[in-house]
Amino acid sequence: MNNTTYYVCHGPDAVHYVESDGASTMASGQPNIEQFDNEQEAVARAEELGYVFTIEEEPLQDLEP
């Protein structure tokens, strides 16, 4: 069972993407925090807001086996 929660935090000049397994707490200085249970929806929203994933943090669905 996957208990991962995804957060997209954003404000006028910043967008952050966070994955949490529930064992950690998350806080942000951004005025908007959106919570997702679905990784694809969270990734789409982060990219819509201008977030650019680096190679180290590419979403799982974009990685090839």
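Colleague: Looking at the rings, which residues do ring pairs link into a cluster?
Modeller: Keep in mind that this is a predicted model. Ring pairs in it join up into a cluster, and its members are Tyr6, Tyr17, Tyr51 and Phe53.

Colleague: How are the rings of Tyr6 and Tyr17 arranged, stacked or edge-to-face?
Modeller: Searching the whole structure turns up four aromatic pairs. For Tyr6 and Tyr17, the centres are 6.4 Å apart and the planes make an angle of 25°. Planes under 30 degrees apart count as one class and those over 60 as another, so the label for Tyr6 and Tyr17 is stacked.

Colleague: And how many residues apart are Tyr6 and Tyr17 in the chain?
Modeller: This pair links distant parts of the chain. Tyr6 sits in strand E1 and Tyr17 in strand E2, and the separation is 11 residues.

Colleague: What about Tyr17 and Phe53, stacked or edge-to-face?
Modeller: Their ring centres lie 5.0 Å apart, with 75° between the planes. An angle over 60 degrees decides the class, so Tyr17 and Phe53 are edge-to-face.

Colleague: How far apart in sequence are the parts that Tyr17 and Phe53 tie together?
Modeller: Tyr17 belongs to strand E2, whereas Phe53 is in the segment after H1. The pair therefore bridges parts of the chain separated by 36 residues.

Colleague: Is Tyr6 buried or exposed?
Modeller: The relative accessible area of Tyr6 is 5%. The cut-off is under 20%, so Tyr6 counts as buried.

Colleague: Which element gives the largest share of the largest nonpolar core?
Modeller: That core has 10 residues, among them Tyr6, Tyr17, Phe36, Tyr51 and Phe53. Strand E1 (5-10), strand E2 (15-20) and helix H1 (39-48) each give two or more residues to it. The largest share is three residues, and it comes from H1.

Colleague: How many bridges join E1 to E2?
Modeller: These strands form a hairpin with four residues between them. Along it, Thr5 is opposite Ser20 and Tyr7 is opposite Val18. E1 and E2 run antiparallel, and the number of bridges is six.

Colleague: Zooming out, what pattern does the chain follow along the sequence?
Modeller: There are three strands and one helix in the chain. Read along the sequence, they give β-β-β-α.

Colleague: Last one: what percentage of the residues of the chain count as buried?
Modeller: The chain exposes about 4700 Å², of which carbon and sulfur atoms supply 46%. Of its 65 residues, the buried share is 29%.

Technical notes: Residues are numbered from 1 along each chain as its sequence is written. This is a predicted model: local features need pLDDT of at least 70, side-chain atom pairs count only at pLDDT 80 or more; totals for chains, interfaces and linings use all residues. Side-chain values use heavy atoms; hydrogens and water are left out. A nonpolar core is a set of buried Ala, Val, Leu, Ile, Met, Phe, Trp, Tyr and Cys residues joined through side-chain atoms within 4.5 Å. Buried means under 20% relative accessible area, exposed over 50%, partly exposed in between (1.4 Å probe, protein chains only). Two strands pair if DSSP finds at least two bridges between them. Accessible areas come from the Shrake-Rupley method with a 1.4 Å probe; for residues, only the protein chains shown count as cover. Rings of Phe, Tyr and Trp (its six-membered ring) pair if their centres lie within 6.5 Å; planes under 30 degrees apart count as stacked, over 60 as edge-to-face and the rest as tilted.
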